[in-house]
Amino acid sequence: PSLSVLPPLKNVTVLDIDEPAYVEELAILIERSRFRLSELRIGIAEKAHMSPWLLCGKDSDGSTNWPRADGVLGILSRRHLDKKQDNAIVSSLEDKSMPSDESINKSLKSTEIAAPLTPNSEEQPPSTTKDKKSPPSSGLSNRSARSQPPPYKSDYEILHLKVLELERVPLSVPTLLPAVDWTGLTTLTIMRCDDHEKLWRALRRKYAPPATPAKRPHDAERRTNASSVEYPLNLKHIRTDTVSPYLILFIKDALAPNTLESVYLHEAPGHESAVHIDAIYKHILRKHRRSLRKVL
């Protein structure tokens, strides 16, 4: 494994992982790239899918021994690293500025499927910005300024991703949910991941807007109420091979109409879907008929 020697990256894809040493190296790379990382793809090898070290160890003491309490997805959180690694990475971020590259796209909602997006820069509240002493204007670029840890611990621990794709990774929802800024995510792929239903259910519970009243208002009033509903999520591309009723409910309740651009619903060998084609038509194809460009 040599992932830990790489510089901070915007796009990290590590597939066919078959031993925990690669996961430990990947954890260091993710931490180093925390303020740049825009796309993350993690895949477990098929031959290692049933390995004991992949499981979430309920009796783990939180040490570096496998299996760990938060499983493989614990690498997304800063709590995974020990203090020595943590301090070394933070000091390296403070001492070295990031190399300059293309400008940062600050809009979370504008997405192009043909070109990967760069990660968003964190905007600080006016009060925080005024309290800090600004360096000379010629000293720091936007990229080097973004390499500094944000003042809020919660922002420091969250990954601001645009693309998240997981394959054969056991989903520890209590670990995954607070580790990612889901409101900025535009592409989500879940392939052959255990506990996928828990993820869709948790996302729906957290991000679905309040239910509208049961009464049937007039057409004009109905359109006004529909346009005034705020949907925090901005998902545009969903791909999964485990089509469950919780997935359909998530798309139905948590995503704004006419926002999905591509939907790929595969068939996993060991998963027999209970979702009928009528539900897919009603809650996906019809609801997003103006925005969908690719359907499988």
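Predicted model: local features only at pLDDT ≥ 70, side-chain atom pairs only at ≥ 80, totals over all residues.

Trainee: Is Ser244 buried or exposed?

Mentor: Buried, because its relative accessibility is 0%, and the cut-off for buried is under 20%.

Trainee: Let's move on to the helices. At what angle do the axes of α7 and α9 cross?

Mentor: Roughly 20°, with the axes of α7 (residues 196-207) and α9 (residues 245-254) coming within 8 Å. That crossing angle is why α7 counts as roughly parallel to α9. The crossing of α7 past α9 is left-handed.

Trainee: And which residues meet there?

Mentor: From α7 you have Glu197, Trp200, Arg201, Leu203, Arg204 and Tyr207, and they meet Tyr246, Leu247, Leu249, Phe250, Asp253 and Ala254 in α9. By type, the residues of that contact divide into eight nonpolar, no polar and four charged.

Trainee: What about α10, which residues are buried there?

Mentor: In α10 (residues 277-285), Ile280, His283 and Ile284 are buried. Looking down the axis of α10, its buried residues fall within an arc of 95°, so they line one face of the helix.

Trainee: What covers the buried residues of α10?

Mentor: The cover includes α9 and β6 (262-265).

Trainee: New topic, Ile42. Where is Ile42 found?

Mentor: Ile42 is in strand β2 (residues 39-44). It counts as buried because its relative accessibility is 3%.

Trainee: What does Ile42 touch, again not counting residues up to four places away in sequence?

Mentor: Among them are Val14, Leu15, Ile17, Leu26 and Ile75, and also Glu165, Leu166, Glu167 and Val169. Separately, Ile42 and Leu73 are 31 residues apart along the chain, and their C-alpha atoms are separated by 9.5 Å.

Trainee: Zooming out, how many helices and strands does the protein have?

Mentor: The count is 10 helices and seven strands. Of the 296 residues in the protein, 44% are buried. And if you take contacts between residues at least 6 apart in sequence, 72% join residues at least 24 apart.

Definitions and conventions:
Residues numbered from 1 in each chain as written. Heavy atoms only, no water. Axes fitted to C-alpha atoms, helices over the stretch in contact; angles between N-to-C directions. Helix = DSSP H or I, 4+ residues; strand = E, 2+ residues; numbered from the N terminus. Parallel < 35°, antiparallel > 145°, perpendicular 65-115°, else oblique. Left-handed = near helix turned anticlockwise from the far one by under 90°. Contact = heavy atoms within 4.5 Å. Nonpolar A, V, L, I, M, F, W, Y, C, P; charged D, E, K, R; others polar. Buried < 20%, exposed > 50% of the residue type's maximum accessible area, 1.4 Å probe, protein only. Arc of directions from axis to C-beta.
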